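Visitor: Hi, could you show me this one and walk me through it?

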Amino acid sequence: MEQTFSIQELINKKINVGREKKEITSWYSSGLGSCMRGRYLERLGNEPDKVFDDRILRIFSVGKLFEDWIVDLVKSIEGIQVETQGRVEDKKLGVSGYWDMKVTKDGKSLLYEIKSKHSKAFWYMDKQNEGANEQHKLQLWPYLWLTGIEEGRILYASKDDLAILEYPVYRNDEKLRKAVFDELALLNKAWQEKNLEILPLPDSTAWQAKYCRWHKQCVKSNENN
């Protein structure tokens, strides 16, 4: 008997709903640390080398499920106040975004950026004892700067055993402040001058190139110059 439908097909259709292209009017905090050229081309409206396939969209959905699970559990704890998806924007810096979770306890508030990993990557990170990924610290820091909250945390959840790691990020971290401001200044300069070439082209072995969906366009453009 011919199969008329499958749950996988229905899920794939569902997660593709609402993914139409939207105009980008600022640099997203969630992109800090990644390929600057890719973000420029995305804001310009260029089509990526490859669109997100169903598998990648399912991975995004799973990450959101873990974020919601953590938020709901924290909300259920007595004596804790929780806010989610707070938007920040600074037109002068040209940056905007949404922080994941603000937790307030005993008068002190912390901002959280929530990430999920499979257990192998999670426990490798713990074993290396090097702290949070640099790009994740860069992504969280503008939220601290723009809200005035002094401390935030990068929270990693293991998808397989629900273990959690937390790493602090501070608003007064001068190294992060300089890195964020310098990156935004360069992006804004390129945008104002309509000059992609002043942005660095990542080496093909760098993760910024590997995960940039516009990298082939940059390489081709660079070869033609």
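**A helix, a core and some pairs**

Guide: Let's begin in helix α6, where Glu-174 and Arg-177 are 3 residues apart, so about one helical turn separates them. Helices here are DSSP runs of H or I with at least four residues, strands are E runs with at least two, and both are numbered from the N terminus. The model is predicted, so local features need pLDDT of at least 70 and side-chain atom pairs count only at pLDDT 80 or more, while totals for chains, interfaces and linings use all residues. Residues are numbered from 1 along each chain as its sequence is written, and side-chain values use heavy atoms, leaving out hydrogens and water.

Visitor: Okay! What does Glu-174 form with Arg-177?

Guide: Glu-174 and Arg-177 form a salt bridge, and their closest N and O atoms are 2.8 Å apart. The term covers a side-chain nitrogen of Lys or Arg within 4 Å of a carboxyl oxygen of Asp or Glu.

Visitor: And how many salt bridges does the count come to?

Guide: By that rule, the count is 15 salt bridges.

Visitor: Which residues do salt bridges that share partners join into one network?

Guide: That network is made of Lys-108, Glu-151, Arg-153 and Glu-166. One of its links pairs Glu-151 with Lys-108, whose closest N and O atoms are 3.1 Å apart. This pair ties together distant parts of the chain, since Glu-151 is in strand β5 and Lys-108 is in strand β4, 43 residues apart. Glu-151 counts as buried at 9% relative accessibility, whereas Lys-108 is partly exposed at 46%.

Visitor: Wait, what makes two rings a pair?

Guide: Rings of Phe, Tyr and Trp (its six-membered ring) pair if their centres lie within 6.5 Å; planes under 30 degrees apart count as stacked, over 60 as edge-to-face, and the rest as tilted.

Visitor: Which residues do ring pairs link into a cluster?

Guide: Trp-27, Tyr-40 and Trp-191 are linked that way.

Visitor: New topic! Which residues have the most contacts inside the largest nonpolar core?

Guide: Tyr-40, Leu-111, Tyr-156, Val-169, Leu-184 and Leu-199 do, in a core of 37 residues. At least two core residues come from each of α2, β3 (95–105), α4 (119–128), α5, β5 (151–158), β6 (164–170) and α6. Helix α6 gives the most, with 6 residues. Such a core is a set of buried Ala, Val, Leu, Ile, Met, Phe, Trp, Tyr and Cys residues joined through side-chain atoms within 4.5 Å.

Visitor: One last thing: what phi does Asp-106 have?

Guide: Asp-106 has a positive phi of about 55°, although it is not a glycine. Asp-106 is in the loop between β3 and β4 (108–117), and it is exposed, with a relative accessible area of 70%. The side chain of Asp-106 also meets that of Lys-105 in a salt bridge (3.0 Å, N to O). Leu-162, in the loop between β5 and β6, has a positive phi as well, near 65°.

Technical notes
Buried < 20%, exposed > 50% of the residue type's maximum accessible area, 1.4 Å probe, protein only.
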